[in-house]
Amino acid sequence: MAIRTLLITLIINLAWVTNASAHTFFVGSTEISVNKFTKSTEIIHRITSHDLEALLSDKHQQRIYADSDEYLKLVQQYVERGFGLVGTNGKPIKIEFVGIEPGVNDTYIYQEVLGLESISGVAIFHQLLTDYFPRQKNRVNFESPKIKGSLLFDEKTHEAVIN
């Protein structure tokens, strides 16, 4: 009976690993926009759900599911370590974690910087999933009343300045 249980566990784990590595490209996106009504900057990350689950499961050496109690806490900790903003004065900008919306295909993570009305000259640190998947690419689209553009982050590029 123990051999049968071990065999079933190995088959399930093999199927999970095969599924997690089945796609050949890894893409995430982040939207940074200044809300002129609230006078704050809103940040929305879109990450492939099974990639995030695979990363967290591997990192914590246990299977982590989006519907588990600890998922929100682990995602928040991971995002706070892997994404940041630095002001033109060289000091880190405090980013509030608003929430998370796990989905079958994509997970949306919401953050906000209260009182940040200008993003020109702000430096972005972004290594979400690029620290785990070497082929991960993250596009950051930014928009404010004065500037609009995009930046690309990958395993070699973790920092860039909004100009």
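Predicted model: local features only at pLDDT ≥ 70, side-chain atom pairs only at ≥ 80, totals over all residues.
1. Let's start with T130, which sits in the loop between β6 and β7; helices (H or I, at least four residues) and strands (E, at least two) are DSSP runs, numbered from the N terminus. At 6% relative accessibility, T130 counts as buried, where buried means under 20% relative accessible area, exposed over 50% and partly exposed in between (1.4 Å probe, protein chains only). Leaving aside neighbours within four places in sequence, T130 is in contact (heavy atoms within 4.5 Å) with Q136, N138, F153, D154, E155 and H158.

2. Residues are numbered from 1 along each chain as its sequence is written, and side-chain values use heavy atoms, with hydrogens and water left out.

3. Back in the loop between β6 (123-126) and β7 (136-143), have a look at F133. Is F133 buried or exposed? F133 is buried, with a relative accessible area of 9%. Apart from neighbours within four places in sequence, F133 is in contact with F26 and D51. F133 and D51 are 82 residues apart in sequence, and their C-alpha atoms are 8.7 Å apart in space.

4. L129 belongs to the loop between β6 and β7 as well. L129 is buried, at a relative accessible area of 1%. The backbone deserves a glance here: L129 is not a glycine, yet has a positive phi of about 65°. For background, most residues other than glycine have a negative phi.

5. Q61 also has a positive phi without being a glycine, at about 55°. Q61 follows α2 and lies in the loop between α2 and α3 (71-82). With a relative accessible area of 66%, Q61 is exposed.

6. Now for helix α2 itself, the twelve residues 49-60.

7. Stepping back to the whole chain, the secondary structure comes to three helices and nine strands. Of the 163 residues, 37% count as buried. Among contacts with a separation of 6 or more, 57% are between residues 24 or more positions apart. The accessible surface (Shrake-Rupley method, 1.4 Å probe; for residues, only the protein chains shown count as cover) comes to about 9,800 Å², and 55% of this belongs to carbon and sulfur atoms.

8. Finally, the largest pocket holds about 160 Å³ of space. Its lining includes V34, K36, K39, E117 and S118, and by class has four nonpolar, three polar and four charged residues. A pocket here is an open set of points on a 1 Å grid where a 1.4 Å probe fits, with protein on both sides within 12 Å along at least five of seven lines; lining residues have an atom within 4 Å of a point.

Technical notes: Expected span 1.5 Å × (residues − 1). Points joined across faces, edges and corners; volume = space filled by probe spheres on them. Nonpolar A, V, L, I, M, F, W, Y, C, P; charged D, E, K, R; others polar.
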